[in-house]
Every structure is written in C-alpha cells, then in structure tokens.
Amino acid sequence: MSHAVRDPLLWQFDMAWQLTWYHLESLTTEECLWRPAAQGLHVRPDAEGRWVADWPEREDYGLGPSSIAWLTWHFGFWWSMVIDHSFGAATLSREQVTWPGSAEGVREWIQRLHGEWRAALERLSDEELRSTERTRWPFQDQPFAHVLAWANVELTKSAAELGSARFLHAVRAG
C-alpha cells in the first residue's frame, strides 16, 4: 500500500528526531538548571515538589533566554498536548505538564513521547492524514498531515534551541 502523504512526513520526522537526540543523549541536569541570564523562562519546584514551568504572558526578545530545563519542558509540553488531543482523551492542559526534574527524566519522557507519536503515526492511512478528524490541537479545521508537519517543525526548532543553549553552556567559563 502506498503512503504518499505519510511516508515523506515520517522521513522528515525521523531526521528531526536524530537532530533532537544528538542534543539530548548526553544532556546533564546541571546543564538543564543553568540559567544563561538572570532573566528568562525557567522551571521551579512548587510547594508539592513538582517542577512547574514559567508561562510567558507575551512573546518577545525582552523575555530573555530560556533555560535548557524550560526548553525541554516546552517540547515535552507541546508533544504531550498534541498526542493527547490527537490520539487520547483531549483533556490535557498546560498546567498538568510538569518538568521531570532531571536530565535522565527528560530523556525518558521525550523518548516515550517519541515512541507514542511514531507508533500512532505509523497506523495512519493517507486518508486519515487528509482528514480533519484528529486535528484538535494546536489548531483545528486543517488536515491532520498539517499537524504532523507542524510537529516536525516544532521538533526541529526544539533541537536547534537545545543545541544552541548547550553550546552557550559549554563555553560559559570561556
């Protein structure tokens, strides 16, 4: 059976995953918790010990650079949301998504999301990818293939942000 829509998108996803994993596989908790500037998005333990992420009220350069912990939370957030809203109960909210608290936890979380997403996508036909039925987050009324294309861009962007932050961390003592 031909999958003219699905196969190129999965190929692109696999390439984005390779870029992402390159930056995740040796990530340390110390790198995650490092702040590149006094100001910028970060994660903090709440009163119950869960790591919660800052949420910006605006998006501009004045926010400052995000910590690696926040960057990893963010791509775990959007990936968790799109999986739940596309293949699950569609009830997950941003406030329910917490940072795992360590680099090892991040790797486990992101690998699990990767596996869930890849397995779900492999089951989809081109007809399902052309349908809007599963398109509930981050937008609606678009073919589900657009969600997959968006996720590929988000994953690539996340890999680039993570890599850039790790390079800054590596030369910080300079």
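**Helix packing and ring pairs**

Analyst: Let's start where two helices touch. From α1, the residues Phe-13, Trp-17, Thr-20 and Leu-24 meet Thr-72, Phe-75 and Trp-79 of α3. By class, that contact has five nonpolar, two polar and no charged residues. Bear in mind that this is a predicted model.

User: How do the axes of α1 and α3 cross, and at what angle?
Analyst: They come within 13 Å and cross at roughly 150°. The two helices are therefore roughly antiparallel to each other. The crossing of α1 past α3 is left-handed.

User: Where does Phe-13 sit? And is Phe-13 buried or exposed?
Analyst: Phe-13 is in helix α1, which covers residues 6-24. Phe-13 is buried, at a relative accessible area of 1%.

User: What does Phe-13 contact, leaving aside neighbours within four places in sequence?
Analyst: Trp-79, His-114, Trp-117, Arg-118, Asn-152 and Leu-155.

User: Which geometry does the ring pair of Phe-13 and Trp-79 have?
Analyst: First the count: there are 16 aromatic pairs. For Phe-13 and Trp-79, the ring centres are 6.0 Å apart and the planes are at 75°, so this pair is edge-to-face. The cut-off for that class is over 60 degrees. Phe-13 is in α1 and Trp-79 in α3, so the pair ties together parts 66 residues apart in sequence.

User: Trp-79: buried or exposed?
Analyst: Buried, because its relative accessibility is 0%.

User: What about Trp-73 and Phe-77, how are those rings arranged?
Analyst: They form a stacked aromatic pair, 5.1 Å centre to centre with 10° between the planes. Both residues lie in helix α3, four residues apart, or about one turn of the helix. Trp-73 and Phe-77 are both buried.

User: Which residues do ring pairs link into a cluster?
Analyst: The cluster holds Phe-13, Trp-17, Trp-21, Trp-55, Trp-70, Trp-73, Phe-77, Trp-78, Trp-79, Trp-137, Phe-139 and Trp-150. So both pairs we discussed have their residues in that list, Phe-13 with Trp-79 and Trp-73 with Phe-77.

User: New topic: the backbone. Where is the cis peptide bond?
Analyst: A cis peptide bond joins Trp-137 and Pro-138, with omega about 10°. Pro-138 is in the loop between α5 (126-130) and α6 (144-170). Trp-137 is also one of the residues in the ring cluster.

User: What is the phi of Ala-90, and where is Ala-90?
Analyst: Ala-90 has a positive phi of about 60°, although it is not a glycine. Its place is the loop between α3 and α4 (103-122). At 29% relative accessibility, Ala-90 counts as partly exposed.

User: And Asp-141, what is its phi?
Analyst: Asp-141 has a positive phi of about 60° and is not a glycine. Asp-141 is found in the loop between α5 and α6.

User: Is Asp-141 buried or exposed?
Analyst: Exposed, because its relative accessibility is 67%.

Definitions and conventions
Residues are numbered from 1 along each chain as its sequence is written. This is a predicted model: local features need pLDDT of at least 70, side-chain atom pairs count only at pLDDT 80 or more; totals for chains, interfaces and linings use all residues. Side-chain values use heavy atoms; hydrogens and water are left out. Buried means under 20% relative accessible area, exposed over 50%, partly exposed in between (1.4 Å probe, protein chains only). Contact means heavy atoms within 4.5 Å. Axes are lines fitted to C-alpha atoms, for helices over the stretch in contact, and angles run from 0 to 180 degrees between N-to-C directions. Angles under 35 degrees count as roughly parallel, over 145 as roughly antiparallel, 65 to 115 as roughly perpendicular and the rest as oblique. A crossing is left-handed if the near helix is turned anticlockwise from the far one by less than a right angle, and right-handed if clockwise. Ala, Val, Leu, Ile, Met, Phe, Trp, Tyr, Cys and Pro count as nonpolar, Asp, Glu, Lys and Arg as charged, and the others, Gly among them, as polar. Rings of Phe, Tyr and Trp (its six-membered ring) pair if their centres lie within 6.5 Å; planes under 30 degrees apart count as stacked, over 60 as edge-to-face and the rest as tilted.
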